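Here is a quick tour of a protein model with a ligand. Have the viewer open and follow along.

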Amino acid sequence: MKVAAAVAEILKREGVAFLIGYPVNPVIEAAAELDIRTIIVRQERTGLHMADAVSRVSSGQRIGVFAMQHGPGTENAFGGVAQAYGDSVPIVVIPAGYPRRLTNIPPNFNAFLNFQHVTKWVEQVVVADAVPDAMRRAFTQVKNGRPRPVMIEIPSDVMREDIPEPLSYRPAPRARSGPDPRAVDDVARLLVEAKRPVIYAGQGVHYAQAWDALRALAELLEAPVTTSLEGKSAFPETHALSLGSGGRSMPRAVHDFLANADVIFGIGCSFSTTNYGITMPTGKVFVHATLDAADLNKDVPVDHVLVGDAGLTLEALREAVRDRLGGKPRGLASGVAQEIKASKTGWLEQWMPKLTSDARPLSPYRVIWDLLHTVDVANTIITHDAGSPRDQLSPFWECQTPLSYIGWGKTTQLGYGLGLAMGAKLAHPEKLCINVWGDAAIGFTGMDFETAARERIPILSVLLNNSSMAIELPIMKVATAKYRSTDISGHYADMARAFGGHGERVTEPGEIIPALKRAIRQTQEGKPALVEFITAQEIEFSVFR
Ligand SMILES: Cc1ncc(C[n+]2csc(CCOP(=O)(O)OP(=O)(O)O)c2C)c(N)n1
Ligand SMILES: [Mg+2]
């Protein structure tokens with residue numbers, strides 16, 4: 001059996017249903033022989049983003065896999081792997097390498113050396129019969145502990161070698177570890193005694209599929225819940241105890257409740273300092289519950305720590321809190337809910353003129369508001385792109401169901417959203433999968449809309465085209481005035497049609513909903529759709545700093 005065939009067989013045993021890739025890598029052909037659907041993109045980065053979404057929307061229960069060629073393919077993949085590393089996404093990346101006699105000779109790109117800092121595990125397999133062992137280690141790493149990319153580089157001459165049969169490979173196990181029971185008890189007491197606790201949920205809740213446990217604990221404590229951008233949709237945002245999510249922009253309630261909290265309980269989060277997340281207030285008691293002790297006390301000094309799977313942690317806390325409360329609700333919930341409702345109402349009222357604006361060029365907020373009221377939110381998976389679309393969408397999009405929003409931003413590569421929507425659609429063909437992006441983002445990965453058309457991945461792409469990098473206007477005044485450095489241009493609906501998709505350009509407020517409905521119908525018929533809205537250069541966001 002050839003090495004490439006053995007790798008494909010291992011992928012099959014690990015339950016991999018799609019191999020996303022770009023030639024030349026013999027694993028692609030070997031996978032097709034085993035009926036693993038191969039999906040060929042237009043550039044490596046988008047393929048990695050698709051693999052990334054496959055893992056994200058399945059809580060890592062399915063692992064996205066990407067394969068590419070040595071040299072240019074591997075070099076061009078760097079951004080996609082770095083983005084997955086930044087956002088802690090478990091993917092398996094299988095680059096072919098230069099033949100062994102050239103591997104370590106400059107200027108040949110060596111994946112093993114160059115991907116050290118954007119993977120949690122990387123091996124270069126130089127002996128054919130070591131490949132199954134290397135694959136076992138990679139899948140064990142990717143399925144356990146902190147989710148992050150793993151990489152197995154297989155030199156192209158090794159790919160063509162034989163390994164003995166029968167292939168001995170069993171799927172890697174998954175293990176969960178729980179928090180120290182004594183620490184659980186201390187935290188339960190702290191949370192019960194807290195006057196104004198706030199629960200801050202990160203994406204660890206998604207990976208642990210601990211949505212019910214989070215809700216149960218919140219309801220038991222009668223405590224408000226917010227999430228990071230990555231954790232968005234871990235708690236129903238229509239719930240009376242939901243504050244909404246926090247990124248760079250956020251609902252007012254997120255800011256105010258955190259500012260007035262006495263105890264902040266972070267669950268399944270890293271508390272990383274980032275421009276695209278909440279800046280935690282100082283002077284609070286912090287509880288940090290995370291899978292990865294490497295994050296403890298990193299950016300936020302913490303008072304209590306719990307290390308373990310978010311689900312086991314929440315379940316243990318729920319039991320400990322329930323014991324302390326003796327089954328008697330304290331009747332706090334209605335007061336908390338009223339305070340949240342009042343804050344939300346006031347905040348939304350302030351934004352309503354933009355959300356319902358009849359202006360031309362269109363307000364991006366109006367587009368988002370109309371989109372929110374046109375789709376079946378519970379059965380939609382939506383993601384934003386970097387920059388304004390993220391900051392305009394995330395505060396106002398109220399998630400109802402887990403993993404219905406792909407939030408990101410520990411690093412924010414323009415153009416990420418398209419691949420995410422495509423990967424989500426591969427994993428969930430029954431859902432409407434949407435990416436909302438700006439005209440800067442489409443410049444990076446727009447060509448892969450052709451992949452969506454060719455590979456029959458019918459996503460809905462919502463483009464906010466303001467012929468500008470509007471968010472940069474305030475910091476590029478001179479370059480803009482002298483050289484038009486923030487201008488960009490394009491007719492992207494035409495592009496979508498040229499690629500075989502549905503494309504429509506919308507300039508009238510009254511046409512937003514009808515155009516969205518037409519586009520959604522096209523996606524239901526198997527065609528990806530791009531609706532291009534001609535929008536204003538809006539740079540007001542719901543930020544509180
Ligand atoms: C790869 C990459 N380069 C640079 C940036 C910095 N950046 C963030 S948003 C942005 C411009 C966004 O413009 P657009 O998407 O058109 O949104 P607008 O502000 O015009 O609404 C830039 C340059 C980035 N996020 N990613
Ligand atoms: Mg723009």
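Predicted model: local features only at pLDDT ≥ 70, side-chain atom pairs only at ≥ 80, totals over all residues.

Residues are numbered from 1 along each chain as its sequence is written, while chains are lettered from A and ligands numbered from 1 in the order in which they are written.

**Domains**

The chain splits into domain 1 (3–159), domain 2 (181–340) and domain 3 (356–534), with bounds that come from an automatic or database domain assignment. Taken over C-alpha atoms, the centres of domain 1 and domain 3 are 29 Å apart. Across that pair, 23 residues of domain 1 are in contact with 23 residues of domain 3 (contact is C-beta atoms, placed from the backbone, within 7 Å). On the domain 1 side, the elements giving two or more residues are α3 (44–56) and α5 (78–86), and α3 has the largest share with 9 residues. Helices here are DSSP runs of H or I with at least four residues, strands are runs of E with at least two, and both are numbered from the N terminus. By class, that side of domain 1 has 9 nonpolar, 8 polar and 6 charged residues (Ala, Val, Leu, Ile, Met, Phe, Trp, Tyr, Cys and Pro count as nonpolar, Asp, Glu, Lys and Arg as charged, and the others, Gly among them, as polar).

**Strands**

An open sheet of 6 parallel strands runs in the order β9-β8-β7-β10-β11-β12. Strands pair if DSSP finds at least two bridges between them. β9 (242–246) and β12 (304–307) each have a single partner strand, so one side of each lacks a neighbour in the sheet.

| Strand pair | Bridges | A bridge |
|---|---|---|
| β7 (197–201) and β8 (225–228) | 3 bridges | Ile 199 with Val 225 |
| β5 (121–124) and β6 (150–155) | 4 bridges | Glu 123 with Ile 152 |

Between β5 and β6 the chain passes through helix α7 (residues 131–143) in a right-handed β-α-β crossover (with the strands pointing away from the viewer, the path from the first strand over the helix to the second runs clockwise).

**Ligand**

What surrounds ligand 1? Its shell holds 17 residues, the closest being Gly 387, Ser 388, Gly 438, Ala 440 and Ala 470 (near means a C-beta atom, placed from the backbone, within 6 Å). Helix α18 (residues 439–445) gives the largest share, 3 residues. The shell divides into 8 nonpolar, 7 polar and 2 charged residues.

Conventions: Contact = placed C-beta atoms within 7 Å.
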